[in-house]
Amino acid sequence: MISILLVEDHPILSQSIAALLDNDDMSVTAFAKSAEEALSMLPQLNVDMAVVDVSLPGMNGIELISHLHQTRPGFPCIILSGHNEGAYVRRAMAIGARGYVTKGDPIALLEGIRRIAAGELYPSDGLEQHFRPGELDGK
Amino acid sequence: MTDEHHATEELREARENLQIALSSTALGWGVLDVQTGMLWQDERARAILGLSPDGPLTRDDFMAVVHPDDNELIQSDYERRAAGELDEPIEYRILRPDGETRIIRATGRLRRDDAGRPWQVTGTLQDVTKQRRDSAALQRLTEELEGLVAERTGALQHANTELASARDRFQKIFNANPMPKVIIDIEEGVYIDANPAFIDYMGLTREQVIGRRADELVFQQPIFKNSKELQEEFDQQGRILSVEATFEIRPGDTRTVLMSAARITFDGRGMMLAAITDITERKQAEQQVRQLASELTRAEEKERRRVSGILHDDLQQRLYAIQIELARLHGMLAKGDTEGIEALFNKVSALVPETINTARDLSIDLNPPILEGEGVAEALQWLATKMGREYGLPVRVSAAESFALADQGVRITLFHVVRELLFNVVKHAGQAEVEITLARRGDELEIEVKDDGQGFDARNKQEVTEGHGLTMSRQRLELFGGRMHIVSAPDEGTRAIIAVPLSADHDGNKPGESA
């Protein structure tokens, strides 16, 4: 069972994502409405990964991952974003996100969580084009 | 020797002596025997008249050479001389056998015999043709010269009159010109003349200006951007046109002017005729417009970010949620989870109208339909209701009429200005109620927005403009010829009075004003 921290400020979307991720092999066990809240919660949590909305009030999702890795290097995070431009994807992966999924692709989110839990990197369908061949292997 | 012989001898001697005397002159002489008509003339007289040098002559021979037009004159002269009435020289014309007309001046004296009868006329004659012609030519020349002199004198008088009239016209134009103008002696650098507009502009008396140097009149001399180049331009072309300069007319009173100058000559001295147009207010207005444009751009940017925020933070997230729920629904359909499907369907059914409401609110917020064609009173009533619903601010609107202003720009501006004031009440006034009153004051619409909140120190300009963001509201109103006045004091609430012309056009001109 993959235990997930969901960092999403919009309550309705947060509920829907949690419902989507409520499966036999995964479940959202903790919620944070901001990056700051997530950082303060995390030391007390026992979660396997974080699903982070890139656009949050105050500190954004990318900055959250960067801060988080200072205390928990390599902690698996998957970015949820409304943008699918290459620059955003590359920037998120460069900062250490394990996955990048566009919000409009719910199935990719499930797939991404499973792949990351298995130790892979996961940019959702169509986002691989932003990487050179082999760039996503071996990490 | 007889007496007669003696007398003849004496006469001959006398004639010889006379000939000797006459030979040094151009005079000819002769004697006419009145009784016989015989004429004796010396050689010179014959030559002058073109008669044969020898042989006897009669009076008829003489009369034959007299110009036909002067026959009568000779006849009358002879008769008067014979009668002893005339002793003066006479001038007459002859027509010589060679066809040439000559002018003769003759003298003649009648002598009488012992019995007292006319006996002889003796006299001299002289060809004065050349003198007379020269004299006539001289006369003609003199007349021509006098004509010319008269003509020149007339022209000079005319020019003097014109000059006086031109000076008079110049002086009138100079004095009546509403543009401040001065005449400066270039060499001395002093004011020679200044029109009333200049005197007024400087706030001085004429006595304080005339004869003084420019640097004595103002607190700080005009500063030009390229004074060296301007001096060269003036020296070479004799003028400069609309050059911008700033100077301090009095301490703290800096003016921006456009200066034009031309070199003129006045009473033989080099002068500079300079005119100035004060553009201080225009520059300030331009600066204000630039500032307003910049603030409008910032406000637009802020509004865009606000709209983008609503689209992204709410609308978009709701749509993503719907998308996720539809994906879940799809999963449940595959599994045949009938119970789950119904619950999820109900959830999505509720999500969709909420999302539609969000989109509609945003659209109304961006462009309230109430502004399309309704009166100002209705638009403000709608705003009052909205502020009550969304921010819990009680707003009461009272208006005697609808105030359906033709200009949509004015309606929108009034709407936004009042909305800004109401937001200020929400942000700064604490617990407060608002009363909006619309009334007609002359040809203006006056809107009073009064709250009973904590108020602020309205004399503190910084607090009014920065703390309450009212500068732009004020400037937007001014664009339409309107204005806003704020009255407030701590703990005494705030009163904002807005006035706009009821029939302002887009340029903010009132009727009857030209642009």
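Two strands pair if DSSP finds at least two bridges between them, and helices (H or I, at least four residues) and strands (E, at least two) are DSSP runs numbered from the N terminus. This is a predicted model, in which local features need pLDDT of at least 70 and side-chain atom pairs count only at pLDDT 80 or more, while totals for chains, interfaces and linings use all residues. Residues are numbered from 1 along each chain as its sequence is written, chains are lettered from A and ligands numbered from 1 in the order in which they are written, and side-chain values use heavy atoms, leaving out hydrogens and water.

**View 1. A parallel sheet in chain A.** Here you can follow six strands of an open sheet in the order β2-β1-β3-β4-β5-β6 (chain A), paired in parallel. At its edges are β2 (26-32) and β6 (122-123) of chain A, each pairing on one side only. Look next at β3 (residues 49-53) and β4 (residues 77-81) of chain A, which run parallel and are joined by four bridges. Within this pairing, Val52(A) has Ile79(A) in β4(A) as its bridge partner.

**View 2. Phe170(B) and Phe266(B) form a tilted ring pair.** Rings of Phe, Tyr and Trp (its six-membered ring) pair if their centres lie within 6.5 Å; planes under 30 degrees apart count as stacked, over 60 as edge-to-face and the rest as tilted. Over all chains, the structure holds seven aromatic pairs. In the one shown, the ring centres of Phe170(B) and Phe266(B) are 6.2 Å apart and the planes meet at 50°, so the pair is tilted. Phe170(B) belongs to helix α5 (residues 129-176) of chain B and Phe266(B) to strand β12 (residues 253-266) of chain B, so the pair ties together parts that are 96 residues apart in sequence. Ring pairs also bring in Phe174(B), making a cluster with Phe170(B) and Phe266(B).

**View 3. Arginines over phenylalanine rings in chain B.** A charge sits over a ring if NZ of Lys or CZ of Arg is within 6 Å of the ring centre and within 35 degrees of the ring normal. Arg167(B) lies over the face of Phe266(B), 5.3 Å from the ring centre. In another such contact, the charged end of Arg263(B) is over the ring of Phe234(B), at 5.4 Å from its centre.

View 4. Two or more lining residues come from each of β5 (99-102) and α5 (106-117) of chain A.
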